[in-house]
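Please keep the sequence and the model in view while reading.

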Amino acid sequence: MQADFSIHVQKLADDIGRELDAADIWQCFESCYLPRPTDRYVLVDYEEHGPVGQRLFVGRVAIDGEARSLSGRGNGLISGVVAALEETGGSVLDVVDYQEHAIGRGANAQAAAYVECRTIDGRTVFGAGIDPDVATASVQALLSAANNAR
């Protein structure tokens, strides 16, 4: 993701013609990787159930502004979301890497999740999500990658 992001940062610096500050870089990251209300895929809500190794993702996702119910089965939440996207005719993604970490400390900490995915045509796309709940941040990261796969 760092190599991909550096391309966006360099383009921004070239476009505005000055040295970037932290706010510029953060805004660039947000626009490249974090979910936006105008994206094709926007998480409304979701549930996850089922036994270990056979998890079922059931969610409502706004697709092109229309809330739709999606479901997908996988060995965990992430593979369930990937299966749900495939079932809707959306992006076919292969998750290559997944990382998460806390932002802050204690009860008010946020979770950040990052995914690197490969599309069916071999392109690499990235996504990120930030939420108080790590599972929700993960779902947001996958939807972000799906949006970037378009």
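## An exposed aspartate and its partner

D64 is exposed, with a relative accessible area of 53%. Here, exposed means over 50% relative accessible area, buried means under 20%, and partly exposed lies in between, with a 1.4 Å probe and protein chains only. The model is predicted: local features need pLDDT of at least 70 and side-chain atom pairs count only at pLDDT 80 or more, while totals for chains, interfaces and linings use all residues. Residues are numbered from 1 along each chain as its sequence is written, and side-chain values use heavy atoms, with hydrogens and water left out.

D64 takes part in a salt bridge with R40, in which the closest N and O atoms are 3.1 Å apart. R40 is in the loop between α2 and β1 and D64 is in the loop between β2 and β3, so the pair ties together parts that are 24 residues apart in sequence. R40 itself counts as partly exposed, at 26% relative accessibility. The names of these elements come from DSSP runs, numbered from the N terminus: helices are H or I with at least four residues, and strands are E with at least two.

## Salt bridges

Side chains of opposite charge can pair when their charged atoms come close. A salt bridge is counted when a side-chain nitrogen of Lys or Arg lies within 4 Å of a carboxyl oxygen of Asp or Glu. The structure holds six of them.

One of these joins the side chains of D39 and R36, at 3.1 Å from N to O. D39 is buried, with a relative accessible area of 11%, whereas R36 is partly exposed at 29%. Another joins R123 to D121, with the closest N and O atoms 3.3 Å apart. In this pair R123 is partly exposed, with a relative accessible area of 34%, and D121 is exposed, at 55%.

## The sheet β4-β5-β6

Three strands, in the order β4-β5-β6, make up an open sheet with antiparallel pairing. The edge strands are β4 and β6 (124–131), each of which pairs on one side only. From one strand to the next, the twist averages 15°. Two strands are taken to pair if DSSP finds at least two bridges between them; β5 (residues 110–119) and β6 are joined by eight bridges in the antiparallel sense. Within this pairing, V115 has G127 of β6 as its bridge partner.

Two helices lie across these strands. Helix α4 lies across β4, β5 and β6, and runs at about 145° to β6. For these angles, axes are lines fitted to C-alpha atoms, for helices over the stretch in contact, and the angles run from 0 to 180 degrees between N-to-C directions.

## Helices α3 and α4

Helix α3 spans residues 77–87, and its buried residues are L77, G80, V81, V82, A83, A84 and L85. These pack against β1 (41–49), β2 (55–63), β3 (66–74), β4 (93–103) and α4 (134–148), where contact means heavy atoms within 4.5 Å. After α3 comes G89, which has a positive phi near 80°.

N147 belongs to helix α4 and is buried, with a relative accessible area of 10%. Leaving aside residues up to four places away in sequence, N147 touches D39, R40 and Y41.

## Aromatic pairs

Rings of Phe, Tyr and Trp (its six-membered ring) pair if their centres lie within 6.5 Å; planes under 30 degrees apart count as stacked, over 60 as edge-to-face and the rest as tilted. By this rule there are five aromatic pairs. F5 and F29 form an edge-to-face pair, 5.6 Å centre to centre with 90° between the planes. This pair links distant parts of the chain, with F5 in helix α1 (residues 2–16) and F29 in helix α2, 24 residues apart. F5 counts as buried at 14% relative accessibility, and F29 is buried at 10%.

A stacked pair is formed by Y46 and F57, with 5.8 Å centre to centre and 25° between the planes. Y46 lies in strand β1 and F57 in strand β2, 11 residues apart. Both Y46 and F57 are buried. Ring pairs also link F5, W26, F29 and Y33 into a cluster.
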